[in-house]
Amino acid sequence: MELISMSIIFSLVALFFSLPLLFFLTRKRNKSQLPPGKTGWPFIGETLSFHKSGLTGVPPRFVQDRMQMFSPRIFKTSLLGEKMAVLCGPDGNKFLFSNENKLVKVWYPSSVMKIFPPSPSVKHSSDEEIVRFRKTLASYVNADALQRYAGIIDSITKQHLKTHWENNKEVIAAHLIKKYTFSVVCKAFLGIDDPVHLEKLSGPFDLMAIGIKSLPINLPGTSLNKAIKASAAVRKDLLEHIKKRKVDLMVNKSSVPQDVLSHMLLTMHEHGEDEKAVSVKSFGLLFGSLDTVSAAITFVIKYLAELPHIYNEVLREQKEVLSSMTGEFLKWEDIQKMKYSWSVASEVIRLIPPVQGTFREAITDLTYAGFSVPKGWKLYWSLHSTHRDAKYFPDPDKFNPSRFEGNGPAPYTYVPFGSGPRMCPGREFTRVVIVTFMHNIITKFKWEKILPDEKVIVNPIPTPVKGLPLRLEKHNIGNYQ
């Protein structure tokens, strides 16, 4: 009996001392399954380094340095107070785009959700609502629908240049291009073209843009607090506009305006929505397209100033389009002829993407490239993991529009609009607006940069720090007046 008791005691002692070892080995094994990388300081993580790479004008550095240090396929970090896995390369892009709402879902930082709160009247979850909205938007801005908008966008562009560029020898291009983009988006999406109303809306949008990139501190006087108040003011304004538009549609049923809002209102009951839900969608649509499109156009203008041979080729193509036009304004078939111009714009977007990447959240434990990403972790994909990779784009820093001829880049390597099942529904709208602006400005002006070495920062949208000052030289071509 005594021997049995001693045996039990020795077993318990052995178990007591082995538990820490078992815990250590298990913890070590579990940790080894996580992606390699570093998480930086508590809470802050590597957020400061992430932002610093953009503010110093080299946004690819954060991702590219860690791909070299840890893994070219996946690494871990900590951003915005969240544990995060960064998926890299075309395989990483394909994995995220193909598993939307299966393994991952869209995720936004808390400050963004405070500025863009979901509508309380929507009966679906926010994730379901995003899917529904993408499908709805795709039907309003696809190639067929855009045929109705081509002339309208061209008309707005001509008027903008006549009002804001024509009588000036020098301009601050980035500011004017943002003003132009705002007017196009408001007209095409909401049917708003009153200058007073546009001016009233544009101020709060500027405050929201500042708030998104500010510290997540919601106290009176902070940038986030101002952005939240600006957001509320815009949503209130849009709701009033939407209610008025709904009455107008009921009175004039035989004449439906050619804007996205009107079609959303006509179909909102089919989707179980009310005016508040439509106003939230309209709000997101405006903000989502404003900075991205204006940034793309700004850098197209920048590169055309820096590369005279590219400017001349675009001008040659646009003169051919101009000579073949059958009316005062561009038609859809005219837009389709601007292939080289769109290749130029695509190469600009490859080198300086308006959006650097986006976030997702793991909705289940998942495995990628042999590493585990726990449920609840955030994921980030960056355009810089492929856009500047010589494997996919030889001599990646060289400006070469021919990359986009024929079949173009390999799948999932050029992803400013997403790819595959996660393709941005606004891609065609963006293309039409950009090449329409290119057509009008290049058949009207030559220009040069006043500040040849102007710095570009990313915070979070790429921006020339002085607004891209230009010196203009008029040249009327053909029948452009």
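Predicted model: local features only at pLDDT ≥ 70, side-chain atom pairs only at ≥ 80, totals over all residues.
**Entry 1: overall figures**

How much accessible surface does the chain have, and what share of it belongs to carbon and sulfur atoms? I read off about 23500 Å², with 59% belonging to carbon and sulfur atoms; the areas come from the Shrake-Rupley method with a 1.4 Å probe, and for residues only the protein chains shown count as cover.

Residues are numbered from 1 along each chain as its sequence is written, and side-chain values use heavy atoms, with hydrogens and water left out.

I looked up burial next: buried residues make up 49% of the 481 residues (buried is under 20% relative accessible area, exposed over 50%, partly exposed in between, with a 1.4 Å probe and protein chains only). The secondary structure comes to 18 helices and 12 strands (DSSP runs numbered from the N terminus: H or I of at least four residues for helices, E of at least two for strands). Of the contacts between residues at least 6 apart in sequence, 72% join residues at least 24 apart (contact means heavy atoms within 4.5 Å).

**Entry 2: the cores**

I went to the largest nonpolar core, which has 96 residues (a core is a set of buried Ala, Val, Leu, Ile, Met, Phe, Trp, Tyr and Cys residues joined through side-chain atoms within 4.5 Å). Trp165, Phe429 and Trp447 have the most contacts inside this core. Helix α13 (residues 275–306) gives the most to it, 14 residues. A second, separate core has 17 residues, including Leu96, Ala362, Leu366 and Val415.

Leu96 took me to helix α4, where Leu96 is one of the buried residues. In α4 (residues 89–98), 7 of the 10 residues are buried, so the helix is largely enclosed by the rest of the structure. Its cover includes β2 (82–87), β3 (104–106), β6 (366–368), β8 (378–382) and α17 (384–387).

Phe445 stands opposite Lys474 in β12. Strands β9 and β12 (residues 469–474) pair in the antiparallel sense over 5 bridges (two strands pair if DSSP finds at least two bridges between them). They belong to an open sheet of 3 strands, ordered β4-β12-β9 with antiparallel pairing. β4 (170–172) and β9 (445–449) are at the edges with a single partner strand each, so one side of each has no neighbour in the sheet. Helix α9 (residues 173–190) lies across β4 and β12, at about 65° to β4 (axes are lines fitted to C-alpha atoms, for helices over the stretch in contact, and angles run from 0 to 180 degrees between N-to-C directions).

**Entry 3: backbone and annotation**

Leu80 has phi near 55° and is partly exposed, with a relative accessible area of 37%. Leu468 has phi of about 60°, but is buried at 1%. A cis peptide bond joins Asn459 and Pro460, with omega about -10°.

Last, the unreviewed UniProt entry has a "binding site" annotation covering Cys424 (positions use the numbering here, feature names are shortened, and annotations may be inferred rather than shown by experiment). I find Cys424 partly exposed, at 32% relative accessibility.
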